[in-house]
Amino acid sequence: MKVSAKGKQQQHDDDGIDEEGAVTLDPEEQENEVIKETTLNWIKKVVIGLNLCPFAEKPLRQNQLKVSVVRGDDDETVAAAVVYELIARSDETHDGTTVVVAPEFYPDDFERYMDLVQYIEDDVMEEHDLHGLVQIAPFHPKFAFAGSGDGIDNYTNRSPYPMFHVLRENEVGLAVDKLGGDASKVWQRNVDLLEGMDKKFGREDVKKIMKGESLDGLKEMLRDLRGYSEKS
């Protein structure tokens with residue numbers, strides 16, 4: 001598989017305009033808007049609302065978080081969309097972060113999804129000297145850490161759709177510095193939260209919470225946990 005150095009981003013700028021001058025969206029565009037809205041709602045309610053990622057709130061607040069949707073399950077098409085954003089974010093003047101959402105890219109096959117992540121990281125990023133500038137954080141509906149089985153820790157990286165979160169290394173470094181230089185604290189804190197929710201609410205309710213649903217007692221639990229605060 002060959003991915004262009006320039007990458008390829010699906011464009012959605014050719015919306016129609018009706019006779020009254022109103023913008024009209026074709027069916028796929030309408031679907032894309034729903035996908036973006038679902039993704040942003042999940043980021044706000046779960047990733048930020050549960051304080052799972054210290055890298056997400058600032059770019060969202062500063063309007064520097066981009067959600068890009070790529071459709072289909074073709075490896076080259078999806079890889080090109082991700083590489084486009086990796087190259088764009090590697091520019092030192094291009095602050096912020098991008099979430100590339102690929103709803104049809106093997107949502108029920110995590111290993112197949114990870115094959116593409118591995119290819120981009122090992123081959124494409126190496127070819128374009130992107131290591132040290134940007135990174136990919138993988139999120140997937142069936143995400144599973146190696147050897148974890150059905151562990152609650154898998155939910156730290158589960159998402160409504162297959163996603164590729166493109167992060168700038170320098171911004172990750174600044175966030176990690178605020179944690180005393182130990183990025184593992186974030187993961188352990190998230191696992192502690194999930195274990196607490198699993199014990200209090202049960203696994204089925206944890207699944208609901210991680211989809212953005214609010215349950216009675218959740219806000220109180222978050223307030224009681226050190227390092228968490230209620231997010232709007």
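Predicted model: local features only at pLDDT ≥ 70, side-chain atom pairs only at ≥ 80, totals over all residues.

Mentor: The part you're asking about is an open sheet of 4 strands, with mixed pairing and the order 3-4-6-5. Read that order from end to end and you find strand 3 (65-69) and strand 5 (134-139) at the edges; each has a single partner strand, so one side of each is left without a neighbour in the sheet. From one strand to the next, the twist averages 20°.

Strand 4 (residues 97-101) and strand 6 (residues 163-168) run antiparallel, and 4 bridges join them. As background, strands of a sheet pair through backbone hydrogen bonds, either parallel or antiparallel.

Next, the helices on the sheet. Helix 1 (residues 27-48) packs on it, touching strand 3, strand 4, strand 5 and strand 6. The direction of helix 1 makes about 140° with that of strand 3. Helix 3 packs on the sheet too, with contacts to strand 3, strand 4, strand 5 and strand 6. For helix 3, the direction makes about 15° with that of strand 6.

Helix 3 (residues 75-90) packs with helix 4 (residues 110-127) at an angle of about 50°, and their axes are 11 Å apart. An angle like that makes helix 3 oblique to helix 4. The crossing of helix 3 past helix 4 is right-handed. To see the contact itself, display D75, V78, A79, V82, V83 and L86 from helix 3, together with R112, L116, I120, V124 and M125 from helix 4. Sorted by type, the residues of this contact come out as 9 nonpolar, 2 charged and no polar.

The protein has 8 helices and 6 strands, and starting from the N terminus its elements run β-β-α-α-β-α-β-α-β-β-α-α-α-α. Of the 232 residues in the protein, 44% are buried. And if you take the contacts between residues at least 6 apart in sequence, 70% of them join residues at least 24 apart.

Key. Residues numbered from 1 in each chain as written. Heavy atoms only, no water. Axes fitted to C-alpha atoms, helices over the stretch in contact; angles between N-to-C directions. Helix = DSSP H or I, 4+ residues; strand = E, 2+ residues; numbered from the N terminus. Parallel < 35°, antiparallel > 145°, perpendicular 65-115°, else oblique. Left-handed = near helix turned anticlockwise from the far one by under 90°. Contact = heavy atoms within 4.5 Å. Nonpolar A, V, L, I, M, F, W, Y, C, P; charged D, E, K, R; others polar. Pairing = 2+ DSSP bridges. Buried < 20%, exposed > 50% of the residue type's maximum accessible area, 1.4 Å probe, protein only.
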